[in-house]
Amino acid sequence: MSQNRPKTPAMLSRELFMEKIPGVLSGIRVPDLPYPAGKVSDDAVSDWRPLLSSCWSEQRDERVIQLVRSVSLSWSVRQINAAYVADRIMDTFAQTSGLHPELVRRIARLRFFFAWRMSDEGASAFSEDILLWLDGLQEFRGWSASGGRSARVLLDQLDSLVISVSACFETGSREPLEAFCRDWQADSEKRTQQVSRLRQRLLETEQGAARQRRAEQTARALVGRALEGRQLPKPIITFIFDHWMRLLKQVVWAGEVGGENWRHGGKLLEWLVWIGDPALSDKDRNRLYHVGEQIGDRILDVWNRVVGEPLPAKALDDIQVIMMARLRGETPELTDALPKQSGFSWDTAWLSFKVPDQNSLDELEGQWFVEGEGTREQRRYFFALLPDTAEILWTNGSGVKLGLQPWTEFEEARSRGDLRPLPALTPFGLVMTEAVSALSGVLERQKTLREKAVREARTRAAELKREKEASEAKRRAEELERLAEIDRIRREEHEKRLAEELAEQERLEQEQLRAGQQLADGIKLGGWIVLDESDANGDPVRLKLAVRINASNKLVFVDRLGLNRREFQGDELVRAIVAGSVRVLGSSAEFDETLSRVVGRIRVGRN
């Protein structure tokens, strides 16, 4: 049963899976999946085992991702990725395994179990026992939903699988499933030994039956061709069917079709028909005498060579009577050699039978073929071509006969597309590792993109920082320039104001000097001034102008006694008047008023 044994996946693929699955579960991000918005604490993550267990018990065919989308619960990133990976593996297995759709549909429901176990223990969910069992399912590549006993046996075993996986959900362990897988593998070894014996026994039985069928059909074809449309004496018809067909079958059984005994047997059959049919033999009386003399001896000779035992006594007696009557020119009573109600059937194609080319057979024997589509498809195993009949012996791959099909019908069914070769099967382990390897490649690309995004973000952040610092420096520089400009404007305004005040002060001083000069010039001889000094009695010192010397611009003042007390230069007197240390009597009120106006304008200008 070598064609039924699974190909064990390479250890490298198994190691690759074990290495890659943890990173895929934790790191991959698939668009449009319901990942949590932020990091979810362990306490906030929902327990999905009861939900998955319910789906398994109900044998639902939906995907795990559809299930988690349908409920409003908090899922972790690991749960979402475990659901996606389980769906991805089982979907790929359903498409590429090559098993019957009904069988693979049941196996694909294990997605609920694998999603749960991967989220808890990662790659350890796929233990060696489970993988060996899943890979061993290729043994059933020929299984079809035929409703037969062998088909029901497998379905019963899969019903036991439902119980085992449900126990895993209840106990929180994968041990019940692993025990189921070990028992399955043990049964598989027993089946392998039984199937080998069944196949050998079936082949021997069918080869013997085909040889017998070839002998029967070939003899029928030769006799039917010879007797078709003929009317012969009853004894000749009886001899042909009772004795001569036996001889012809024996020749074919011995494999001597086309040999000497076959030629003699066919020729003697034609002689018997020729002798018995007056419409044939009356045309050549000389040949009738010649054949009549030899036919008895010839029949006995061929009979003894082929059958190996004497012809039953009196078997030729009636033939001899017919011969004597024919030699006398009598016409015996005739009857239809093959009456319609006899039910005798034959096919002359057996007389030109050919075995198909061996090269064509080498490519087809041991191959699986499929008829029908979807769940209605039927699978059959090209167990052998029976060379004696050119019929294909179809089995279920386990030594159970499904039927026989002539080679010509097989070729026609293939040309119409009704019968097609079963595509190559893919072991579960290979499906699993290829799916995870593909996801691992996606993860690596995502990591590269993430690292690139981080680098770009950092670069952009540095650029933004530099731009911000440059902008801040520019803002500070502009602020400094603005403050400097404001300070400059303030200084200019201050300097301008000071200059204006100084100019105003100078103008006022000039006005005061002019006003003082007018007062000084307005002092007449005998005019009085008051100094801010006090005399011995504490009274203000009063002086009157005694002399004005225009040449030297000197004024001489004396007290009321006429004593020479003080001399002033004209400019000195003006400054003293302006300073208020000298007050001119008589005009002092006007001067004080003028001086007040000047001082007031100075104060207003400063503010």
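This is a predicted model: local features need pLDDT of at least 70, side-chain atom pairs count only at pLDDT 80 or more; totals for chains, interfaces and linings use all residues.
Local features need pLDDT of at least 70 and side-chain atom pairs count only at pLDDT 80 or more, while totals for chains, interfaces and linings use all residues. Residues are numbered from 1 along each chain as its sequence is written, and side-chain values use heavy atoms, with hydrogens and water left out.

**Packing of α6 and α8**
- Helix α6 (residues 111-121) packs with helix α8 (residues 149-171) at an angle of about 30°, their axes lying 11 Å apart, where axes are lines fitted to C-alpha atoms over the stretch in contact and angles run from 0 to 180 degrees between N-to-C directions.
- That angle makes α6 roughly parallel to α8, a term used for angles under 35 degrees.
- Phe112, Phe113 and Trp116 in α6 meet Val165, Cys168 and Phe169 in α8, contact being heavy atoms within 4.5 Å.
- The residues of this contact between α6 and α8 comprise 6 nonpolar, no polar and no charged.

**Helix α11**
- The 17 residues of helix α11 (residues 260-276) should span 24 Å at 1.5 Å a residue, which agrees with its end C-alpha atoms being 24 Å apart; the expected span is 1.5 Å times one less than the number of residues.
- Because 12 of its 17 residues are buried, α11 is largely enclosed by the rest of the structure (buried means under 20% relative accessible area, with a 1.4 Å probe and protein chains only).
- Among the buried residues of α11 are Trp262, Trp271 and Trp274.

**Pro356**
- Pro356 lies in the loop between β2 (334-336) and α15 (358-364), and at 12% relative accessibility Pro356 counts as buried.
- Leaving aside residues up to four places away in sequence, Pro356 touches Leu361, Leu385, Ala390 and Trp407.

Definitions and conventions. Helices (H or I, at least four residues) and strands (E, at least two) are DSSP runs, numbered from the N terminus. Angles under 35 degrees count as roughly parallel, over 145 as roughly antiparallel, 65 to 115 as roughly perpendicular and the rest as oblique. Ala, Val, Leu, Ile, Met, Phe, Trp, Tyr, Cys and Pro count as nonpolar, Asp, Glu, Lys and Arg as charged, and the others, Gly among them, as polar. Buried means under 20% relative accessible area, exposed over 50%, partly exposed in between (1.4 Å probe, protein chains only).
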